[in-house]
There are 2 protein chains.
Amino acid sequence: MVPLPDHLIVFTPSGRRGTVADDSSVLDAARSLGVDLDSVCGGRGICGRCQVMPMDGEFQKHGLTSSPSHLSALGEVEVAYRDRKGLAEGRRLGCMARISGALLVDVPAESQVHRQVVRKDVDLGSVEVDPVLHFYYVEVAEPQLDDPTGDVERLLRALADQWDLVGIAVEVRALLELQKALRKGAWAVTVAVRDGRDVVAAWPGYHDVKLGVAVDVGSTTIAGHLADLRTGDVLASAGRMNPQIRFGEDLMSRVSYVMMNPGGEIELTSAVRAALDELVGELVEQAGVDRRDVLEITLVGNPIMHHLALGLDPRPLGEAPFALVTDRAVSLPASELAIEAHPAARAYFLPCIAGHVGADTAGAILADRPQDRAGVQLLVDVGTNAEIVLGNGERLLAASSPTGPAFEGAQISSGQRAAPGAIERVRIDRDTLEPRFSVIGSEIWSDEEGFEEAVAEIGVNGICGSGIIEAVAELMLAGVMNSDGVIEGSAVERTDRVIADGRTFSYRLWGDILVTQNDIRAIQLAKAALYAGIRLLMDHLGSDTVDGIRLAGAFGSHIDVKYAMALGLLPDCDLEHVLSSGNAAGAGALIALLSGAARRDIESAVRKIEKIETATEPRFQEHFVEAMAIPHKTAAYPHLSRVVQLPERTTVPATRRRSRRRSQQEDV
Amino acid sequence: MVPLPDHLIVFTPSGRRGTVADDSSVLDAARSLGVDLDSVCGGRGICGRCQVMPMDGEFQKHGLTSSPSHLSALGEVEVAYRDRKGLAEGRRLGCMARISGALLVDVPAESQVHRQVVRKDVDLGSVEVDPVLHFYYVEVAEPQLDDPTGDVERLLRALADQWDLVGIAVEVRALLELQKALRKGAWAVTVAVRDGRDVVAAWPGYHDVKLGVAVDVGSTTIAGHLADLRTGDVLASAGRMNPQIRFGEDLMSRVSYVMMNPGGEIELTSAVRAALDELVGELVEQAGVDRRDVLEITLVGNPIMHHLALGLDPRPLGEAPFALVTDRAVSLPASELAIEAHPAARAYFLPCIAGHVGADTAGAILADRPQDRAGVQLLVDVGTNAEIVLGNGERLLAASSPTGPAFEGAQISSGQRAAPGAIERVRIDRDTLEPRFSVIGSEIWSDEEGFEEAVAEIGVNGICGSGIIEAVAELMLAGVMNSDGVIEGSAVERTDRVIADGRTFSYRLWGDILVTQNDIRAIQLAKAALYAGIRLLMDHLGSDTVDGIRLAGAFGSHIDVKYAMALGLLPDCDLEHVLSSGNAAGAGALIALLSGAARRDIESAVRKIEKIETATEPRFQEHFVEAMAIPHKTAAYPHLSRVVQLPERTTVPATRRRSRRRSQQEDV
């Protein structure tokens, strides 16, 4: 017998090459050469996941002449697949096409198991889609009278034989589903295996719909994405108010509600769970899919949202020492959160880091990966507290700083949330001291034509967080306010925008929207707390500078970094390296949804994070006092000063300076 | 400094001895010498589980003079314990009593962790009480501002430090309980750890109530025991009818109900689960305990009860090839069976062996341990089917034989269950052919004075399984019936007890209670099936004899073995080695409740059992035909014949003999 010839085969984009026996399938060739080519049905021509493109022509680089005719002709199974699901021109099913000559085969991205997904709508960086749940199509032996094994045992045998899966168990909950699916599917089923260990669901025959939901449980907004766990595609995104708001606007007032109302935590838990369930409903409706195909849910949130969603008592988080129940990731059936989904669906809450640094920060770390970027990286998420992460390739430190809600527009006389009609950009003429501003919902500045018409409907309703920061910074830059944050009475002579307001002075922006002395005090306290927290972590890390800053959350995406730095919220940094990271927490939840490896990564990162408690560090108080001045009393801003001309530090009144000096001497 | 002296210490009953440093506690001494001395509170004088008895006198055998005064005086903690919980005269708390001289210390049985429990009321053999659930009292560090670890992490650290427990996780469900218990117990809690792996429950401070329920889910009766998981004591026992009876008396009619009524399996599941919940309620009420202290539940039952209790579809068990969903043990939260107990309670269903050989048989094997006794051992459980286990130290074989319900009194003209008023013992005078009998509920035989009065209330209502077996055997021994099982018409001449009944003859026992020809046929078919199943297993084992027989279940405890053997139900065996094993299945459930090792034992035994399917073995049919004759056509009964004089085998009528010979020749 003449031996059958071997054929040279080259796969792109991997470039893997080798010779394979005549009549090998492309799928087998890919496997033998270690090429990443997907298959769910195990080479039966059902799933279509192993589609490849045989190339035509002479490829000198690869040293071969390839032709689609070097594959077996389109067979019955492929024709059936094409008629049923469609097969693009030139595409072949890798499991069915058999090799009869030299071939260059391209593996399109969607046929790769470990394809990189780069998302535009959600900033995921580059995530390898490899969720904790995998589907396997198996053909199980029929029961036989003389081999009285159970359905489970025959399934496990088939998984071992057909997929090399061993050490697998079937969850009790899935037994009935398996029993029915085996019979309905005539002993062919698709099973979902979680964590490479447990069969958690079964469908008759071939099944390939696998969805997940990632949720950021914020104290104000609950936002989520619905994703296809096979492709990583985001199919829908939605958000809704956190219904707990009726129990208190901010977190501490909700904890107070629980303290005042025994059993109140149950109401709060029910409220947030109902919202989670509704959110999932909205997402699947938007995407036109079945909520019973949702098999995984990931969640991030601050510690209090974390505890309330999980039905834990939030009160210990409301007072020192702010003890979490657990700083490990928590995984539980979605049904225990009263979320309607597939009965096997599990919810995975990313780990909290400390009593004030939640799973949202863990999510932000997962999305932002400060530890993977060069130099000293700072990640800041400003909410009622500021969560601060600082680190480099070797260490990661985290702290929470009690900024209070001023940056969110609360505690500000005309403050409001970042919503249409809120002033978000402010400039003050250095000479005339007249303001110009813009509001959310309009591109037109207040001194431009058409402004009145533009805001006729939305109104000019108040100042949001970024607006008040710019306003205070501009007051400083225009010389209306001194380094102590005092609006100087002398300015009354220069402009009627500065008005006496009892014993202090205010600056009138628009109508009755003022920046009052108290507003400035609130911003001063908040920014000093934020800066002091950051500076404390820099001390712990042993660094006086940062090389990059990421600002997470809504605050980070609205703020003009120049002003934040000028005001002294942040340490100096090359402005090109200061970026908004969008909803990094939510992106982290999505990454954990799409990748089991990412879960292990963040769990291990969180274990290693050094947690710094600002309340017990004397240096925090020192940094706080120094950071009260505007601009900052001692910190240098070399990068910023190339862009913004900071004023000389104005002196504090003599009496107050003396008393401060005394206390400093006492410290020495 | 003069070195402190060491002291000789001897523990009984273990006999372990050694020297320990002066001022060692008895508990520490026991641990250092490997003596089994219990402690739940970790040596804090709280639990009282380490009680010991210091002996007084000269013990030549042990070479020491011991005195209770060689222990430190009763201290504050022991006095407090004595006042609170009582401390018997002479007893000391091992953790508090410190050694100052030579000492003989007795460890009473209740202070041993691995005490052997020998039960009288339930035959457990000798079980080492070591359930899957262990309690640990721990003192957990309070949270600190500058060490922001979660409650879970501090608990696990304490378990590692105080109990050397590592690799532990806390179940999500227990988080809230733990959070509350830590604060209520001022950071001292007792936690329950299941399988040495998961913290599943937590109580504030010291807690030591740990109960379990073992249930035999029979098709007729559901019976259970409530046990103390610390001591192995059975605190209550109860039984109730299986409410599924309203859907059909026997198993197959219940499966038929499901086949005829879509969704009927849900009704059947609800019915049996409700009964399980009520049974637990009855047990805890009887014992005066709280059902929230029930933490473990074990279950046995035939495959159909197993599937229905677990909410699986029983229909595949109703027709060939009788495929189980699983032949592994199934463990699930008790709440999923709708049983109200501690929220952490788990239910463990022993493994089924094959489609007709259930977890009840696994339980019987666990209780009876045929594999651990010398020689070839036979275990038979007779119900609607007979479950048969045969084996020796090396192999275990199991089969189910389709006896039908005749042995339970069904399919018998005057048959009834074994209940008051049922004839259970029958003798027929060899000369007069007059019967005498006794009924369940009365000790007086029918020919004795006072019988009429004795049965006036309960009546003589029918014949139960053991009664019909004795009746048929006596008809044979009295020569009324021939080897073919035919009541001979010639007997009419000898007694008016034999009456023509159409074309056949019946024997009148009492009033209108007859033994008809059809009754004998039913018994013949049943006993031939049972014998053939046993014989088939003997063939597979390669043995012509059995050395011991255990008869499980109600049938086994009522039957007179002589008659069963004379009739040919069972193979020959020394009658002294034929015993009733009581409710061996229920005893097995109790053993699995008290011992985690027993669970692993039976799981591994079941995996190794050789399952024989009678329906597909041609030899079963051959054995069945040979076993129809009464007495058995070919089997020898040397042991039995020392006790009972079996009649010569009477010939079959010539015409029928010829036809049988012909068919035998055709077989050759």
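Helices (H or I, at least four residues) and strands (E, at least two) are DSSP runs, numbered from the N terminus. By that definition, chain A has 18 helices and 31 strands. The model is predicted, with local features requiring pLDDT of at least 70 and side-chain atom pairs counting only at pLDDT 80 or more, while totals for chains, interfaces and linings use all residues; side-chain values use heavy atoms, leaving out hydrogens and water. Residues are numbered from 1 along each chain as its sequence is written, and chains are lettered from A and ligands numbered from 1 in the order in which they are written.

**Chain A as a whole**

- The C-alpha trace of chain A spans about 105 × 65 × 55 Å along its principal axes.
- Of the 668 residues in chain A, 58% are buried, where buried means under 20% relative accessible area, exposed over 50%, and partly exposed in between (1.4 Å probe, protein chains only).
- Chain A has an accessible surface of about 27,100 Å², and 49% of this belongs to carbon and sulfur atoms; such areas come from the Shrake-Rupley method with a 1.4 Å probe, and for residues only the protein chains shown count as cover.
- A contact means heavy atoms within 4.5 Å. Among contacts in chain A between residues at least 6 apart in sequence, 66% join residues at least 24 apart.

**Relation of the two chains**

- The same surface serves both copies, as 100% of the contact residues of chain A recur in chain B.

**A sheet in chain B**

- Three strands of chain B form an open sheet of mixed pairing, in the order β24-β23-β25; two strands pair if DSSP finds at least two bridges between them.
- The edge strands of chain B, β24 (435-439) and β25 (462-463), each pair on one side only.
- Strand β23 (residues 422-428) of chain B pairs with β25(B) in the parallel sense over two bridges, and A422(B) stands opposite G462(B) in β25(B).
- Helix α10 (residues 465-477) of chain B packs on this sheet and touches β23 and β25 of chain B. The direction of the helix makes about 15° with that of β23(B), where axes are lines fitted to C-alpha atoms, for helices over the stretch in contact, and angles run from 0 to 180 degrees between N-to-C directions.

**Backbone details**

- Most residues other than glycine have a negative phi, and most peptide bonds are trans.
- A cis peptide bond, with omega about 5°, joins A320(A) and P321(A); P321(A) is in the loop between α7 (303-309) and β18 (330-333) of chain A.
- R369(A) has a positive phi, near 50°, and is partly exposed because its relative accessibility is 26%.
- W187(B) also has a positive phi, near 75°, but counts as buried because its relative accessibility is 13%.

**Cysteines**

- With a disulfide defined as a pair of cysteine sulfur atoms within 2.5 Å, the count over all chains is zero.
- C47(B) is in no disulfide, and the nearest cysteine sulfur, that of C41(B), is 3.7 Å away.
- C47(B) is buried, with a relative accessible area of 5%.
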